[in-house]
Each structure stands twice: as C-alpha cells, then as structure tokens.
Amino acid sequence: MRAIDDGNGGIFFIDAPGGTGKTFLISLLLASIRSRPDIALAVASSGIAATMLEGGRTAHSAFKLPLNLQMTEEPTCNISKNSSMAKLLQSCKIIIWDECTMAHKRALEALDRTMKDLRNHTGHFGGAMILLAGDFRQTLPVIPRSTAADEINACLKLSYLWRYVTTLRLTTNMRVALQNDSSAEIFAKQLLTIGNGEVPVDVSTGLISFPQGFWFFVSTKEELIANVFPNIVQNHVNHDWLSSRAILAAKNKDVDELNFIIQNTVPGELHSYKSVDCMTNPEEATNYPTEFLNSLDLPGMPPHNLRIKVGSVIIMLRNLNQPKLCNGTSNQQQAPDLASVGRSIL
C-alpha cells in the first residue's frame, strides 16, 4: 500500500501455499484501493481463480494475449491505444495477477512491452505497480509436446523481469489455524514437504516416495468410490457431507465415467439435457456444423449431453468477459437460470 501511495510502481510477488489466505488478502487490497476510488485490475491465469476475485477476468481475456506465446520471441498484447482497455491500463493504480506461476513467462513480458507503449514510460510496466500471486510448488506452465527443460524455461523465474521482483511470503495455514483440524495440519505439512523437495528421490528412477500415511491404493474404481463416498444412497442429499469430499482425475473422460457410475447408484430417474451449439457468425456454419460442435469436449465447459438426477450437485457458470453478457441478457436482468445455461463456441 505504501508503494501504491508513492506512485513509483514496482513488481511484487506473494508466495503463498494453499490455505494461507492469499485470496482473502488480494480481495482486501482490491476493496481498499477501489474504495478511494482508484482503479485496480484483477486477473488470473485460470478461469476458476478469476471467479474468486471481485471483477476478476482471465489474463488472456483482459490483456488480449497471443495464444502462441511459446512460438513468438517478443510477443505483445493485442490492445490499441484508442481502445477502452488501453485507457483502463493507462489510469489503473495496480494490476493484480493471481496464479501467475501457471502463466508462460512471455505473457508477463508481453504485458510489460504493451504497458510501456500505452503509458509512454520506459520503466517496467510503464511505471504501474504489478502484484503477482501464486505458488511455484503447484502447476507450472504446461507446454504441449515439450520436455521438462522446456517447462522450466517457460517458468516465470527465468524471465528477465524476475530480478526486479520483491517477494513477500505467507506462511501460516489459515485453514488449519481456524478449523483446528489436526489431520488437515498433517496433510498440509506433507504437501509442503513434497513441494519443497525434501522427500528422498530414487537416483535410478528419479521418482519420490510419498510420506507414510499419505495415501493408500485401491484396485477398482468402485472401491475408490466406496471409500470416498460411503453410503452414497443415504448421504447424497446431505450437501455438507458431499462438499467435504471429492475425487480428482487427470482427464475429463475419467471424470465423466466416475460421475456416471456414482449417479447410477443414486435412486431416481436420470435426465439428459443437451446443449444448443451454434456459430456466432452464420457464414461459418457450413465450416463448423452443429454435429461437429456437439462432439467437442472442452476443458472447463459442460458436456454436450449433461446427465443428472434430482439432487445432483451442479456448478453454475458465468461469463468472465463481463462487457459481453451471454444469452442476450441486459444489465437490468438477473443471471440466467439453469434452463438457459448452455455452451457457446467462439
């Protein structure tokens, strides 16, 4: 806050493992700056993280970042000086970028070049203050068809900007401290042990051994479901019970299969809801027929054929590009109900 008041800019990074209150701190900063009132821009590398921030958007959507960052040596953002986004970037007091550790280093470098041009300032980010937040122990940039060296090279710490970053750390796990849960405390310490590289590594294979009591194996998917969701028939109506457990999977098809198995065990009739897929430009309809759009399984989007029962847990999606409201709604209307929520292919 002192750096914001001085107006000299700077780059700060909040190193915060999960549960240490990073999102709460960012929300507090946003509320404090906007109450003056000044402009604070909040973005995130992932859509889920963006929904946690007030007025948050994905970095690619807000900054018009190029999609082929790994193929371009010196990328820039596709923002013209006369656009409304350019005027916003010229007058904002701070840009907060959550989960920045997942972003390619050239994304931050592209923003740096663009801000210098928009603000006519040779300092880093045109003299604006940048607050980065994330945890390098978690997912690093994903580079398709690459090696481990390529992923490390794309990491933010190998950017020429990193030497100018001031690192601040959050260390106390607030989830554990507030809930006073001993098992959660043990699990949090085990995660930090693995993330800090303190677990012994097998020299021959390069693999690590998980700490004792960190895991146990099951032989079938049915056994996994029975351990995570015991007595699902009786407990599926208890939302507090459901919200305290989950099965994570690496691929969407595994998630869909597990959901289908669990739904079959719950009493009731299975209902199917199909999305309405169409092109926004009618002239492109011949190139992208409806049958092709229906076959797409996009990460973070519902399937074309959504099968649920009464009592099933669902997640409502909202449009992250707020100036362009979805489903033809206006500012005076409420959020669309479940019947009007579908998929759109841009």
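This is a predicted model. Start with the largest nonpolar core, which has 35 residues. The residues with the most contacts inside that core are Phe63, Leu65, Leu89, Ile95, Trp97, Phe125 and Leu132. Who supplies it? At least two residues each come from strand 1 (10–15), strand 2 (40–44), helix 4, helix 5, strand 4, helix 6 and strand 5. Helix 6 gives the most, with six residues. There is also a second, separate core of 17 residues, and Phe12, Ile26, Leu29 and Ile94 are among them. As a general point, nonpolar side chains in soluble globular proteins tend to be buried together.

Now helix 6. It runs over residues 105–119, 15 residues in total. From first C-alpha to last it reaches 22 Å, close to the 21 Å expected. Eleven of its 15 residues are buried, so helix 6 is largely enclosed by the rest of the structure. The buried set includes Ala107, Leu108, Leu111, Met115 and Leu118, but also Lys105, Arg106, Glu109 and Asp112. What covers them? The cover includes helix 4 (59–63), helix 5 (84–91), strand 4 (94–98), strand 5 (129–134) and helix 7 (148–153). After helix 6 comes Asn120, with a positive phi near 55°.

Last stop: Glu109, in helix 6. Glu109 is buried, yet has no salt bridge. Which side chain of opposite charge is nearest to Glu109? That is Arg113, 4.0 Å away. Leaving aside neighbours within four places in sequence, Glu109 is in contact with Ser159, Tyr160 and Leu161.

That's my tour. Over to you.

Note on methods:
Residues numbered from 1 in each chain as written. Predicted model: local features only at pLDDT ≥ 70, side-chain atom pairs only at ≥ 80, totals over all residues. Heavy atoms only, no water. Helix = DSSP H or I, 4+ residues; strand = E, 2+ residues; numbered from the N terminus. Expected span 1.5 Å × (residues − 1). Buried < 20%, exposed > 50% of the residue type's maximum accessible area, 1.4 Å probe, protein only. Contact = heavy atoms within 4.5 Å. Lys, Arg positive; Asp, Glu negative; His and termini not counted. Core = buried A, V, L, I, M, F, W, Y, C linked by side-chain atoms within 4.5 Å.
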